[in-house]
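Let's take a friendly walk through this structure together. Keep the sequence and the 3D view open as you read.

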Amino acid sequence: MGKHVVVGAGQVGGQVAGLLADQGQEVVVVTRSGSGPRRPEVALVTADAADPEAMRRVTEGADALYNCANPRYHRWPRDWPPVAASLLAAAEASGAVLTTLGNLYAYGPVGGPMTEDLPLASSGVKGRVRARMWERALAAHEAGRVRVTEVRGSDYFGPQASDQAYLGSRFVPPLLAGRPATVLSDPDVPHSWTYLPDVARALVAAAAAEPAWGRAWHVPTSPAVSIRHVAERVCALAGAPAPRLRRVPGWALKAAGLAVPMLREMGETRYQFDRPFVLDSTASQAVLGLAPTPLDDALTATVRWWRER
């Protein structure tokens, strides 16, 4: 049994903590509010992840440190750098493997399936923030100061998905009720969707597998399908009426973005939904020994979770 520190208790951090607790590990969850899974095996700590001294104390003796933090979308350039620097310093001081939850923004627009060896060529603000985080962590790893890895997924769905999830509260509940689901892009463009429990499994596996250190990996993810296909499978599996999708016009999104920072910030990554957006997880499946949950199984669990809420 080892000590594992999870920073963040949101849609991913909570599942990572639960998975580790199920394995019999010592788990510490760190959040600003002291929130997290209410389980006797999980210690909840109130601390600011951007506070280097606090994080050094919390991670003392830790085997792994999981960065599952999630600053507000429009505050990434301001909030991410101190958090990333603090956690990197804590990992270096403690000897813990720093395992960061990343995403695909740093690649920028690409012309085919995304693999882990693509250059981090994004010119967008948020993409550059994520690229710099990984570049600094990797430099520390290559200098022998720390052990790091990063796990990147596409748009999340599944149990415990946040309200910001594309296939979340504006999508699944209306379909189950026979109402139109709101979509923000072309519903027929192929897109990779990453299942939340697969994200947690990939993070835990990457932290434990020495061959995974010093590289970034993609979460094992099922083949890309369109939003319409997902809607059709949700309704078929749930026994709901045939899906109806209502697309929000681009001009309406721009207008709403004037008042809603989250929508305004989405303009930078709009390309992900206007063209095929395909994640290739072949390499990570081989190294981590994992496979993606079959789409119908993942959607069945997702429907069950929404119905139980």
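A polar contact here is a pair of N or O atoms within 3.5 Å; within protein, one of them must be able to donate a hydrogen and the other to accept it. Keep in mind as you look around that this is a predicted model.

With that in hand, let's start at Gln15, a residue of helix H1, which spans residues 13–22. The side chain of Gln15 reaches the backbone oxygen of Pro159 at 2.9 Å. Is Gln15 buried or exposed? Its relative accessibility is 14%, and buried means under 20%, so Gln15 counts as buried. Leaving aside residues up to four places away in sequence, Gln15 touches Pro159, Gln160, Leu196, Pro197 and Ala200.

Next, turn to two other helices. Helix H2 covers residues 52–59 and helix H3 covers residues 76–94; their axes come within 9 Å and cross at roughly 40 degrees. H2 and H3 are therefore oblique to each other, and H2 passes H3 in a right-handed crossing. To see where they meet, find Pro52, Met55, Arg56 and Thr59 on the H2 side. Their partners in H3 are Ser86, Leu87, Ala89, Ala90, Ala93 and Ser94.

Finally, a look at cysteines. Cys68 counts as buried because its relative accessibility is 6%, and Cys235 counts as buried at 4%. How many disulfides does a search of the whole structure find? The search finds 0. As a reminder, a disulfide is a covalent bond between the sulfur atoms of two cysteines.

Definitions and conventions: Residues are numbered from 1 along each chain as its sequence is written. This is a predicted model: local features need pLDDT of at least 70, side-chain atom pairs count only at pLDDT 80 or more; totals for chains, interfaces and linings use all residues. Side-chain values use heavy atoms; hydrogens and water are left out. A disulfide is a pair of cysteine sulfur atoms within 2.5 Å. Buried means under 20% relative accessible area, exposed over 50%, partly exposed in between (1.4 Å probe, protein chains only). Helices (H or I, at least four residues) and strands (E, at least two) are DSSP runs, numbered from the N terminus. Contact means heavy atoms within 4.5 Å. Axes are lines fitted to C-alpha atoms, for helices over the stretch in contact, and angles run from 0 to 180 degrees between N-to-C directions. Angles under 35 degrees count as roughly parallel, over 145 as roughly antiparallel, 65 to 115 as roughly perpendicular and the rest as oblique. A crossing is left-handed if the near helix is turned anticlockwise from the far one by less than a right angle, and right-handed if clockwise.
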